[in-house]
Amino acid sequence: MKTVIHKAESRGFANHGWLQANHSFSFASYFDKEKVQFGALRVLNDDVIAPKMGFGTHPHNNMEIITIPLTGVLKHRDSMHNEWQAVLPGEVQIMSAGTGVEHSEINGSNTEHLRLFQIWVIPDKEQVTPRYDQKNFDDEGRKNKLQTLVSSIDETQEGSLKIHQDALISRIDLDNGETFEYQLKSKNHGVYIMTIFGKHLIIENELNTRDAMGISGTSSFKIETKEDSGLLFIEVPLT
């Protein structure tokens with residue numbers, strides 16, 4: 001088994017005034033040669049965006065982009081004719097950039113900060129037709145059980161959003177004192193675990209809110225909670 005621990009305070013941080021950005025991996029002006037990517041996982045940004053502010057129109061290509069709002073309201077507009085689509089907490093948004101897409105993202109509230117995770121996964125197919133989707137995932141669907149949010153477009157797994165990569169993105173909310181065993185889908189995969197909130201143990205390592213851990217070279221591992229905890233799992237091919 002191989003592990004890497006990224007404590008919350010070790011992340012890259014950028015204060016743009018309207019944007020407070022935490023980078024788990026090298027991004028923009030933040031570079032750490034030890035944190036370029038985790039397999040096909042290239043970006044995990046933990047952003048706080050001020051009311052009425054956001055990212056102007058900008059391009060992407062050949063990347064799978066997943067956005068998970070935690071609080072507030074995200075408004076999205078793109079060159080695929082989506083006009084200021086609202087994405088709310090509980091929902092997940094995916095965008096396959098493929099041959100090229102332009103989009104804008106703003107905080108749709110005049111008063112409340114927007115908090116979100118943005119994830120970039122390197123695709124297994126390039127130059128695909130750009131596509132967009134979003135879906136609501138009920139809180140009860142992850143209460144002490146794994147809730148799959150995103151899976152491969154080549155698989156028939158129902159209920160999840162689809163991207164062009166053999167990846168699984170899932171969430172779980174565990175009560176204090178619960179134990180959960182995570183099963184990896186393949187020995188060629190690793191999983192990057194982000195602690196959304198709470199305190200728990202993985203392989204005798206204590207992780208707190210926004211601490212993260214990458215695990216590979218094993219078929220499973222156990223999680224033991226010390227507080228009510230929410231976890232995000234990003235399982236990706238390592239090569």
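How many salt bridges does the structure hold? The structure holds eleven, a salt bridge being a side-chain nitrogen of Lys or Arg within 4 Å of a carboxyl oxygen of Asp or Glu. The points below take up the sheet, the cores, the charged pairs and the aromatic pairs.

1. Basis of the note. This is a predicted model, in which local features need pLDDT of at least 70 and side-chain atom pairs count only at pLDDT 80 or more, while totals for chains, interfaces and linings use all residues. Residues are numbered from 1 along each chain as its sequence is written, and side-chain values use heavy atoms, with hydrogens and water left out.

2. The open sheet. Seven strands form an open sheet in the order β2-β3-β4-β11-β6-β9-β12, and the pairing is antiparallel. Strands are DSSP runs (E, at least two residues) numbered from the N terminus, and two of them pair if DSSP finds at least two bridges between them. At the edges stand β2 (12-15) and β12 (131-136), each of which pairs on one side only. From one strand to the next the twist averages 15°, with axes taken as lines fitted to C-alpha atoms and angles running from 0 to 180 degrees between N-to-C directions.

3. A strand pair within the sheet. Strand β6 (residues 64-71) is joined to strand β9 (residues 91-96) in the antiparallel sense over four bridges. The bridge partner of I66 in β9 is I94.

4. N22 belongs to strand β3 (residues 19-23). Its relative accessibility is 16%, so N22 counts as buried; buried means under 20% relative accessible area, exposed over 50%, and partly exposed in between (1.4 Å probe, protein chains only). Not counting residues up to four places away in sequence, N22 touches R11, G12, F13, L44, N45, D46 and D47, where contact means heavy atoms within 4.5 Å.

5. The nonpolar cores. A nonpolar core is a set of buried Ala, Val, Leu, Ile, Met, Phe, Trp, Tyr and Cys residues joined through side-chain atoms within 4.5 Å. The largest has 27 residues, of which I66, I68, I119, V150 and L232 touch the most other members. At least two residues of this core come from each of β4 (41-49), β6, β9, β11 (114-121), β13 (147-152), β14 (161-163), β17 (189-197) and β22 (229-237). Another core, of 15 residues, lies apart from it, and F180, I193, I202 and M213 are among its members.

6. Contacts of I68. Which residues is I68 in contact with, leaving aside its neighbours within four places in sequence? They are E91, V92, R115, L116, F117, I119, L149, R171 and L232.

7. Side chains of opposite charge can pair when their charged atoms come close. R210 and D46 meet in a salt bridge of 2.6 Å, N to O. Because R210 lies in the loop between β19 (205-208) and β20 (212-216) and D46 in strand β4, the pair ties together parts that are 164 residues apart in sequence. Both R210 and D46 are buried. A second salt bridge, between the side chains of R142 and D173, spans 3.2 Å, N to O. R142 lies in the loop between β12 and β13 and D173 in strand β15 (residues 168-174), so this pair ties together parts 31 residues apart in sequence. R142 and D173 are both buried. Salt bridges that share partners join R11, D46 and R210 into one network.

8. A partly exposed charged pair. K125 forms a salt bridge with D124, with the closest N and O atoms 3.3 Å apart. K125 counts as partly exposed at 31% relative accessibility, and D124 counts as partly exposed at 38%.

9. Aromatic pairs. The count comes to six aromatic pairs: rings of Phe, Tyr and Trp (its six-membered ring) pair if their centres lie within 6.5 Å, and planes under 30 degrees apart count as stacked, over 60 as edge-to-face and the rest as tilted. The ring centres of W18 and F55 are 5.2 Å apart and their planes stand at 75°, so the pair is edge-to-face. W18 is partly exposed, with a relative accessible area of 24%, and F55 counts as partly exposed at 25%. F25 and Y192 form a tilted pair, with 5.1 Å centre to centre and 50° between the planes. This pair links F25, in the loop between β3 and β4, to Y192 in strand β17, 167 residues apart.
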